[in-house]
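User: Hey, I've just opened this one and could use a quick tour. Can you walk me through it?

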Amino acid sequence: MFAGERDPRALIETVAARTPAGPTRDGVRRSLTLLGAEPVTVATQLGNGSRVLSSDTVPFAVWCAATHLADYPAALWACGSVGGDIDTTCAMVGGIVVGAVGLAGIPAAWHAARGPLA
């Protein structure tokens, strides 16, 4: 994680602080106000990647990862449940959350079912 950070608010604030000024950072900051919301509500407010812009993808992915840091499957199911550019947003979320849970946090069946790596 970011310097070992596991608190959702602190993680989002860290990402916002390291994101260049503009719509993407504005969205990441706006995600702080949505910490208790359901994924579909957050996606409605922040986007779900459908517009294929960082400002429509990164804020939701960061929110989703930050609010599911201890549960890799829940993070991906929450992310995928809202539609949009699911492969991109889930890849982002998975990459963040695995930093918190480690490879052991990925269900063994998921790991075994993955395609071969080059």
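This is a predicted model: local features need pLDDT of at least 70, side-chain atom pairs count only at pLDDT 80 or more; totals for chains, interfaces and linings use all residues.

Analyst: Happy to; we can go through the core, a few helices, some side-chain contacts and the aromatic pairs.

User: Good to know. Let's start with the core: how many residues does the largest nonpolar core have?

Analyst: The largest nonpolar core has 30 residues. Phe-60, Cys-64 and Val-93 have the most contacts inside it.

User: And which elements give two or more residues to this core?

Analyst: Those are α1, α3, α4, α5 (72-80) and α6 (86-101). The most comes from α4, which gives seven residues.

User: Let's zoom in on Phe-60. Where is it found, and is it buried or exposed?

Analyst: Phe-60 is found in helix α4. It counts as buried because its relative accessibility is 0%.

User: What is Phe-60 in contact with, leaving aside neighbours within four places in sequence?

Analyst: Phe-60 is in contact with Pro-39, Val-42, Ala-43, Leu-46, Gly-47, Ala-78, Cys-79 and Val-82. If you want a C-alpha distance as well, Phe-60 and Thr-41 are 19 residues apart along the chain, and their C-alpha atoms are separated by 10 Å.

User: Nice. And what does Val-93 touch?

Analyst: Not counting residues up to four places away in sequence, Val-93 touches Ala-61, Cys-64, Ala-65, Ala-75, Leu-76 and Cys-79.

User: OK, so how does α2 look? Which residues are buried in it?

Analyst: In α2, residues 23-31, the buried ones are Thr-24, Arg-25, Gly-27, Val-28 and Ser-31. Looking down the axis of α2, these fall within an arc of 160°, so they line one face of the helix. What covers them includes α1 (8-17), α3 (39-46) and α4 (54-66).

User: Switching to backbone angles: which residue has a positive phi although it is not a glycine?

Analyst: Take Val-52, with a positive phi of about 55°. For context, most residues other than glycine have a negative phi. Val-52 lies in the loop between α3 and α4, and it counts as exposed because its relative accessibility is 63%. There is also a glycine with positive phi: Gly-47, which follows α3, has a phi near 105°.

User: Now some polar contacts. What does the side chain of His-68 do?

Analyst: A polar atom of the His-68 side chain lies 2.9 Å from the backbone oxygen of Cys-64. His-68 is in the loop between α4 and α5, and it counts as buried at 17% relative accessibility. Not counting residues up to four places away in sequence, His-68 touches Ala-74, Ala-75, Ala-78 and Val-97.

User: And which backbone oxygen does the Thr-14 side chain reach?

Analyst: That of Ala-10, at 2.8 Å. Thr-14 has its place in helix α1 and is buried, with a relative accessible area of 18%.

User: Last topic: how many aromatic pairs are there?

Analyst: The count comes to three aromatic pairs. One of them is Phe-60 with Trp-63, which is stacked at 6.0 Å centre to centre with 20° between the planes. Because they are three residues apart in helix α4, these two are separated by about one helical turn. Both Phe-60 and Trp-63 are buried.

User: What about the pair of Trp-77 and Trp-110?

Analyst: Their ring centres are 6.3 Å apart and the planes are at 75°, so this pair is edge-to-face. Trp-77 lies in helix α5 and Trp-110 in helix α7 (residues 108-113), so the pair ties together parts that are 33 residues apart in sequence.

Key. Residues are numbered from 1 along each chain as its sequence is written. Side-chain values use heavy atoms; hydrogens and water are left out. Buried means under 20% relative accessible area, exposed over 50%, partly exposed in between (1.4 Å probe, protein chains only). Helices (H or I, at least four residues) and strands (E, at least two) are DSSP runs, numbered from the N terminus. The arc is that of the directions from the helix axis to the C-beta atoms. Contact means heavy atoms within 4.5 Å. A nonpolar core is a set of buried Ala, Val, Leu, Ile, Met, Phe, Trp, Tyr and Cys residues joined through side-chain atoms within 4.5 Å. A polar contact is a pair of N or O atoms within 3.5 Å; within protein, one must be able to donate a hydrogen and the other to accept it, and residues adjacent in sequence count only if both atoms are side-chain atoms. Rings of Phe, Tyr and Trp (its six-membered ring) pair if their centres lie within 6.5 Å; planes under 30 degrees apart count as stacked, over 60 as edge-to-face and the rest as tilted.
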